[in-house]
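Please keep the sequence and the model in view while reading.

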Amino acid sequence: MNKDEIIKLDSEYLTHIYGRIPLAPEYGKNATVYENDGKKYIDFTAGIGVNSIGIANEVWCRAVSEQLGKIQHISNYYYSEPTVMLAKTLVKTSGMNNVIFSNSGAEANEAAIKVARKYSYDKYGTGRSTVITLINSFHGRTITTLSATGQDVFHKYFFPFTEGFVYVPANDISALNDALDGSVCAIMCEVIQGEGGVNILEEEYVKEVRSLCDEKDILLIFDEVQTGIGRTGTLYAHTHFDVKADIFTLAKGLGAGLPIGAAVIGEKCKDVMKPGDHGSTFGGNPAVCAGANVVMKTLLSEGFLDQVNEKGDYIRNTVKNFGFSCIKEVRGMGLMIGIQITLSHKDICKKCLSEGLMILTAGKDVLRMLPPLTISYEEIDNGLDILKSVLSGNN
Ligand SMILES: *Cc1c(COP(=O)(O)O)cnc(C)c1O
């Protein structure tokens with residue numbers, strides 16, 4: 001089928017919930033994507049941070065298909081080796097205690113919110129269920145995680161939203177203090193806001209949040225759906241800030257392209273959930289977990305995270321050295337990169353695509369890169385050349 005036919009069928013038969021960009025890739029390898037007419041694109045998006053070890057990674061493909069050939073799914077009434085192995089790796093690498101698997105970031109956050117509310121209810125009874133989140137955050141698209149998302153544009157049409165969410169500005173400890181009125185059970189935040197514009201929280205702030213939480217027995221939840229799984233050059237981004245979470249959530253990069261979410265639970269909440277309190281038909285699916293085990297093994301192999309940091313620094317330095325006045329700031333950690341520009345980010349994103357580069361936007365004025373962690377320097381250079389020429393034509 002050619003691209004026009006695909007686009008026509010999409011428009012006819014899919015509900016129009018996405019503002020799609022006219023690209024219909026057929027196959028790819030690592031960070032390079034091809035359409036069926038052979039047109040080639042460099043991928044700085046990784047499917048929004050999902051294809052963490054690239055497209056069609058051979059070890060991952062083999063592990064998933066081997067598991068599919070053994071048993072593709074078995075309900076959560078029974079036990080599964082790939083699932084327990086993945087949970088063990090997540091626990092051992094984070095210093096946490098146990099894991100609830102689901103199928104997406106939003107669901108992982110739902111699980112974390114349920115754990116937090118039950119912890120508080122079990123200990124303090126009713127009236128202590130508020131979850132504080134940050135302005136410009138993004139936590140998902142379910143009715144509850146939309147409520148948790150601190151952006152007014154997401155609080156339309158679908159009323160009534162889940163109650164019990166309060167938003168405070170990031171990096172403002174006194175605003176947070178004022179919001180702690182005795183009804184609060186948890187604070188949930190991304191240590192680097194992804195959709196909000198690659199905004200890094202101040203280390204001092206994160207540490208103060210942690211100590212306020214300790215003081216008042218409030219749970220600290222980090223939404224690491226985008227930042228986790230090596231994206232920022234450490235396995236989990238909150239370790240950059242030298243703080244511990246009570247619960248943190250993962251999704252995007254963990255499955256490397258198959259759907260999975262995880263709420264990783266620490267000491268305080270390890271026994272809060274009992275049989276019957278939560279569940280998911282697909283959560284922790286053996287084939288998905290077999291792939292995720294390859295992701296974790298790859299990330300833990302010697303030198304892997306160092307090269308994520310080196311590539312991130314290389315990209316940030318190269319973009320800074322373009323020396324363009326349309327670039328206001330280049331920021332990020334590891335391979336989570338934001339370029340704040342004075343031009344229309346959507347416009348630049350479209351122009352890059354027509355020149356053969358896939359790139360993301362974030363916030364109001366940020367170009368965002370979330371390439372596969374395995375991207376080669378050749379792919380990086382090809383992509384940066386395209387970005388440079390598009391920006392120079394608009395500088
Ligand atoms: C993408 C994202 C989500 C939502 O994940 P889904 O898998 O789309 O439900 C939640 N939180 C953050 C920080 C994200 O980047």
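Accessible areas come from the Shrake-Rupley method with a 1.4 Å probe, and for residues only the protein chains shown count as cover. On that basis the chain has an accessible surface of about 18,000 Å², and carbon and sulfur atoms account for 52% of that surface. The model is predicted, with local features needing pLDDT of at least 70 and side-chain atom pairs counting only at pLDDT 80 or more, while totals for chains, interfaces and linings use all residues. Residues are numbered from 1 along each chain as its sequence is written, and side-chain values use heavy atoms, with hydrogens and water left out.

**The chain as a whole**

The chain contains twelve helices and 17 strands; these are DSSP runs (helices H or I, at least four residues; strands E, at least two), numbered from the N terminus. Its C-alpha trace spans about 60 × 55 × 50 Å along the principal axes. The radius of gyration is 21 Å, which agrees with the value near 21 Å for a compact globule of 395 residues. That radius is taken over C-alpha atoms, and the globule rule is 2.2 Å times the number of residues to the power 0.38.

Of the 395 residues, 53% are buried, where buried means under 20% relative accessible area, exposed over 50%, and partly exposed in between (1.4 Å probe, protein chains only). A contact means heavy atoms within 4.5 Å. Among contacts between residues at least 6 apart in sequence, 71% join residues at least 24 apart.

**Helix H10**

Helix H10 covers residues 304-321, and its end C-alpha atoms are 26 Å apart, in agreement with the 26 Å that its 18 residues should span at 1.5 Å a residue. The expected span is 1.5 Å times one less than the number of residues. An α-helix has 3.6 residues a turn, so residues three or four places apart point the same way. Buried residues of H10 include Phe-304, Val-308, Lys-311, Ile-315 and Arg-316. What do the buried residues of H10 pack against? Their partners are helices H9 (286-300) and H12 (377-393), together with strands E13 (327-333), E14 (336-341) and E17 (366-369). After H10 comes Gly-323, with a positive phi near 70°.

**Backbone details**

Ala-46 lies in helix H2 (residues 46-49). Ala-256 sits in the loop between strand E11 (247-250) and strand E12 (261-265).

The loop between helix H6 (143-148) and strand E6 (165-168) holds Pro-160. The peptide bond from Phe-159 to Pro-160 is cis, with omega near -5°. His-155 is in the loop between H6 and E6.

**Two residues and their surroundings**

Is His-155 buried or exposed? His-155 is buried, at 17% relative accessible area. Not counting residues up to four places away in sequence, His-155 touches Leu-146, Ser-147, Thr-149, Phe-161 and Tyr-167. Val-206 is 51 residues from His-155 along the chain, and their C-alpha atoms are separated by 26 Å.

Leu-300 belongs to helix H9 and is partly exposed, at 45% relative accessibility. Leaving aside neighbours within four places in sequence, Leu-300 contacts Thr-89, Thr-93 and Leu-235. Leu-235 and Leu-300 are 65 residues apart along the chain, with 8.4 Å between their C-alpha atoms.
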